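Hi there,

Here is the structure I promised to pass on to you. Have a look at it first, and then read my notes below.

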Amino acid sequence: MAPKFDWWAKGNHRKGTPVVVKMENPNNWSMVEIESPAEQDFLVEGRREKSRNKNARQLTWVLLLKAHRAAGCLTSLGSALIALGTAVRRRIAVGRTDTEISSPSPAITKSKSRFFYLCLKLFLWLSLMLLAFEAAAYFKEWHFETPKLQLQFGIRGFFDSVYTFWVLLRVEYLAPPLQFLANACIVLFLIQSLDRLILCVGCFWIRFKKIKPEPKIAISDLESGEDGFFLPMVLVQIPMCNEKEVYQQSIAAVCNLDWPRSKILIQILDDSNDPITQSLIKEEVHKWQKEGARIVYRHRVNREGYKAGNLKSAMNCSYVKDYEFVAIFDADFQPLPDFLKKTIPHFKDNEELGLVQARWSFVNKEENLLTRLQNINLAFHFEVEQQVNSVFLNFFGFNGTAGVWRIKALEDSGGWLERTTVEDMDIAVRAHLHGWKFIFLNDVECICELPESYEAYRKQQHRWHSGPMQLFRLCLPAVIKSKISIGKKFNLIFLFFLLRKLILPFYSFTLFCIILPMTMFVPEAELPAWVVCYIPATMSFLNILPAPKSFPFIVPYLLFENTMSVTKFNAMVSGLFQLGSAYEWVVTKKSGRSSEGDLAALVEKEGKKTKHQRGVSAPETDAEKKAQKKDKKKKHNRIYMKELSLAFLLLTAATRSLLSAQGIHFYFLLFQGISFLLVGLDLIGEQVE
């Protein structure tokens, strides 16, 4: 047993307080201090004084080392800030405003500066004037309380009279309607938060009970050919348009699907208008045809109807009647070889099932801050929204890709229609009205990409939020007249469309970007602290639960979601009122990234030669070299004027909040304004070409 030491026992103590400092370099040191005995135990006063001097010198060295480390940290922080400032100045110097985009004519470019942008500029200038007005009154030591206005203010000059009139105006006429609008948005906010909480409880229940869709036939039986040889005819479609960065990966992935070649046909539906891209895709298709794959190439001269028109044209082929199911993948999706074996068995002995949807996984989710924040949103969408709606309602919005449809369900629902930019949601709603059921498989993943630039993400979100409002206007009469139950009608109209597609972007933009800064200039209208901070933080915490590795990004996620409310609100309004931008369709820019883990799985499963592995291309052809030469474009930033206008508005309101000593409101407005500023200067995500 180790000996016991009694440091306080007589005769066992050491005089002084030794401090041992170990230093390998100025930035890496450690200190060990030995506890000193009591002062009365020292016998010689001279020795005690000498020990004190020694300890003081040692303490001085320790303090100097700590000061050196602090100085090093400050130097590093200063260098980082200088580098950030340099990058900001360089990227802004080559930036372009969001109105300086390619368009057929200057008139179209000019028409995109709509009334919404003009209102923001007017609101910004008005806020600056009010800030100057309030600051002048503050430095004159006037109080903002209204009951004493008539006692405080006499005839003191023009400025005094104007300020008195302004305070009375906001008390009598501005504060009541603003407070009413704020209370209405708070009610909507609470309803939407309750909906999100219920979804999270449903997801927890699914996990607790281990609820999972089970097929009537096991995959092992399917592979062994037992249980009735359920190997139906499957059509695979890959719609694409000028996506030369990813065509090889997707074509290789579907050609390696583990399904009998006699029972599968692959359609490459090319809408590209670039001759080089067309030749590249044709060469890839011919290469796989020589390997024995049943794959055909289709090209449309007229790109009418965009993706919906492309799919509709392909379904009109005469040979489609020989197939029972159709699997759809976008050009950047790479299904694993066992994708069909995990999805098709769910259709056996389940004639009411119309759709099996798989989950997306992202190969570039950690590429930059923008992709990390997108991953949080989509993880919640699949893990919570899609899974809960699938288990409890047998209905959810089709994601447009990584899904298998029963062709009979498509035909029964009217097929693909080009009336909106969300053809996937359109067909899902119509199939639901005809009684078809859906299944979401959370454990079946399909690899794809996230937009890496804010410009690409912004255009994608505009399409995703304007399309549902177009669809809501068109299908509302059909929903009301349909024969589905009252509960399903309520879910479809109120929850699916109004609450999650209309109310969410409306209150996010109105409450946090308009009403909150206005309450700083009209302090008689108030927003409680729990609305500004506590509930949004709680909702962000719930949103981030499906992606636990993203917890360090919870604050940027909250700020970025409010920043994106500008784009979503604008898209919602354009879709609801059928404005011109509601019909814009821009193919999301891809970078062509592939997964190394997916490559290894494919090699192990199929044993293909190296030149046919997913994401590995054959030697470059002349067409590929021309395409690479053509793609060498200079990257630049876009300057987004709406976001910048709101950034200055929020920062102005933050400055005004200091006059009223509203602490939590100030911090929220400050950081939200900085978030808008970073997005407005296009400093999040990759630069665009």
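Helices (H or I, at least four residues) and strands (E, at least two) are DSSP runs, numbered from the N terminus. Counted that way, the protein has 21 helices and eleven strands. Please keep in mind that this is a predicted model, where local features need pLDDT of at least 70, side-chain atom pairs count only at pLDDT 80 or more, and totals for chains, interfaces and linings use all residues. Residues are numbered from 1 along each chain as its sequence is written, and side-chain values use heavy atoms, with hydrogens and water left out.

Of the 689 residues, 50% are buried (under 20% relative accessible area, with exposed over 50% and partly exposed in between; 1.4 Å probe, protein chains only).

Now find W416, in the loop between α12 (407-412) and α13 (423-433). Is W416 buried or exposed? It is buried, with a relative accessible area of 5%. Beyond its neighbours within four places in sequence, W416 is in contact (heavy atoms within 4.5 Å) with several residues, including A308, F398 and R430. G309 lies 107 residues away from W416 in sequence, yet their C-alpha atoms are 7.3 Å apart.

Next, look at strand β10 (residues 437-448), where nine of the twelve residues are buried. Strands β8 (residues 353-362) and β10 run parallel and are joined by nine bridges; two strands pair if DSSP finds at least two bridges between them.

Enjoy exploring!
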